[in-house]
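Reader: I'd like to go through this model with you. Can we keep it quick?
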Amino acid sequence: MRVLWSLAPGAGLLLLGFTLQASVPAAVKPHVDALTAAKSLSGKVTATPVGGAAAKFSFAYSRSGSFKIEGSESSVFFDGKNLTEYSAASKTYKVTPADQADWKKVVSETKVWAWAAFFAPSLLGELESAAKGRSRKVAGEELTEITVRFAKTPGRFATLLTDAKGIAKGFTFKEGDKETIVLAQELVLGDAEPDAALFAFVPPAGATLAKVEEPSSSGAKWADVQAILNRTCMPCHNSQTRRSGYDFSSYEAVVGNPMGVRVNSPDDSMILKSVRGDGAKLMPQGRQRLSQAQIDTIASWIKAGAKKD
């Protein structure tokens, strides 16, 4: 196992049917090649929203498809059979079978976005371009900025902070007015897969299995949600404007944005956080805020599976 850094502050088989993107911008290719060639990846990271509090967490990935992401407030474990989400605040955990789990959204969330390429380059999103910028010292190491822009979402871009080998040591990720700075204090690429036991969830003392409520057959439908979005979010979030990178003009656009909707998890979905003003800028801007009934409709739809019919 080789340590690429430890600071204070041709790819093999890809998983679960993923294939390489048709092309990866040249500036990003060394990063993608290194991650897809490794058998394991682990890191100790700090993520800091601009104007917000820093959050520390660690992650470990295996070429087998297993992973874990552990933080002080919440943790996620995936052993290939189940996805287990643990909340430290409530001391409860939720278990979702692998065939029902949206693990791709977990490993491509903002705080670990750059390292999602370990599983598949496509998890970085549809990259339109990547351009090298200036070099600067971060935590004593000379890093080069690479600005990445995303196709079809002009308000969304990221700046990778890469080392001499072109591997991302950190990044900034911006969507509209929201920016997050992520920096790895330690990043390790390995040439052997970790023991499977590393990814097994062991409930902490006092932790209980969360009660799972079955979605109501009379829950909100996509048509109900679409009517709310059309009335309150247009034209700012139509297919042409896509303000802050969000397009709410169609079902495919709404559920296709991993930052917007987390199926079955309304409280973790940015669309809900925004209309509630819960840790995000309150939406819609310059208009009357959504009624509680409208918010409940969107939440009910996401909780029931965010289905189209």
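Predicted model: local features only at pLDDT ≥ 70, side-chain atom pairs only at ≥ 80, totals over all residues.

Reader: Start with secondary structure. How many helices and strands does the chain have?
Author: The chain has 6 helices and 13 strands.

Reader: And what share of the residues counts as buried?
Author: Of 309 residues, 47% count as buried. The accessible surface of the chain is about 15200 Å². Carbon and sulfur atoms account for 52% of that surface.

Reader: On to the cores. Which residues in the largest nonpolar core touch the most other members?
Author: That core has 46 residues. Those touching the most other members are Leu41, Phe59, Tyr61, Phe67, Trp113, Trp115 and Leu160.

Reader: Which strand gives the largest share of this core?
Author: Strand β12, residues 178-190, with 4 residues.

Reader: Is Ser40 buried or exposed?
Author: Ser40 has 4% relative accessibility, so it counts as buried.

Reader: What does its side chain reach?
Author: The side chain of Ser40 reaches the backbone oxygen of Ala192, at 3.4 Å. There is also a C-alpha separation to note: Ser40 and Tyr61 are 5.5 Å apart. Along the chain, those two are 21 residues apart.

Reader: New topic, helix α3. Which of its residues are buried?
Author: Helix α3 spans residues 222-232, and its buried residues are Trp222, Val225, Ile228, Leu229 and Thr232.

Reader: Why are those on the same side of α3?
Author: Because they cover an arc of only 125 degrees around the axis.

Reader: What does the face turned away from the buried side carry?
Author: That face of α3 carries the exposed residues Ala223 and Arg231.

Reader: And what covers the buried residues of α3?
Author: The cover includes α4 (251-255), α5 (270-276) and α6 (292-303).

Reader: Gln294 next. Which helix is the place of Gln294?
Author: Gln294 sits in helix α6. With 17% relative accessibility, Gln294 counts as buried.

Reader: What does Gln294 touch, not counting residues up to four places away in sequence?
Author: Gln294 touches Ile228, Arg231 and Thr232. A polar atom of the Gln294 side chain also lies 2.9 Å from the backbone nitrogen of Ser291.

Reader: Now electrostatics. How many salt bridges does the count come to?
Author: The count is 10 salt bridges.

Reader: Take Lys29. Which residue forms a salt bridge with Lys29?
Author: Asp33 does, and the closest N and O atoms are 2.8 Å apart.

Reader: How many residues apart are Lys29 and Asp33 in helix α1?
Author: They are 4 residues apart in α1 (residues 29-37), so about one helical turn separates them. Lys29 is partly exposed at 42% relative accessibility. Asp33 is partly exposed too, with a relative accessible area of 32%.

Reader: Then Arg134. Which side chain does Arg134 meet in a salt bridge?
Author: Arg134 meets Glu145, at 3.5 Å from N to O. This pair links distant parts of the chain, 11 residues apart. Arg134 is in strand β8 (residues 127-138), and Glu145 is in strand β9 (residues 141-150).

Reader: Is Glu145 buried or exposed?
Author: Glu145 is buried, with a relative accessible area of 14%. Arg134, in contrast, counts as exposed at 53% relative accessibility.

Reader: What about Arg276? Which residue forms a salt bridge with Arg276?
Author: Asp267, with the closest N and O atoms 2.9 Å apart. Arg276 counts as partly exposed, at 31% relative accessibility.

Reader: Last one. Which residues do salt bridges with shared partners join into one network?
Author: Glu85, Lys94, Glu109 and Arg262.

Methods: Residues numbered from 1 in each chain as written. Heavy atoms only, no water. Buried < 20%, exposed > 50% of the residue type's maximum accessible area, 1.4 Å probe, protein only. Helix = DSSP H or I, 4+ residues; strand = E, 2+ residues; numbered from the N terminus. Arc of directions from axis to C-beta. Contact = heavy atoms within 4.5 Å. Core = buried A, V, L, I, M, F, W, Y, C linked by side-chain atoms within 4.5 Å. Areas by Shrake-Rupley, 256 points an atom, 1.4 Å probe, with all protein chains shown as cover. Salt bridge = Lys/Arg side-chain N within 4 Å of Asp/Glu carboxyl O. Polar contact = N/O pair within 3.5 Å; in protein donor to acceptor, adjacent residues only side chain to side chain.
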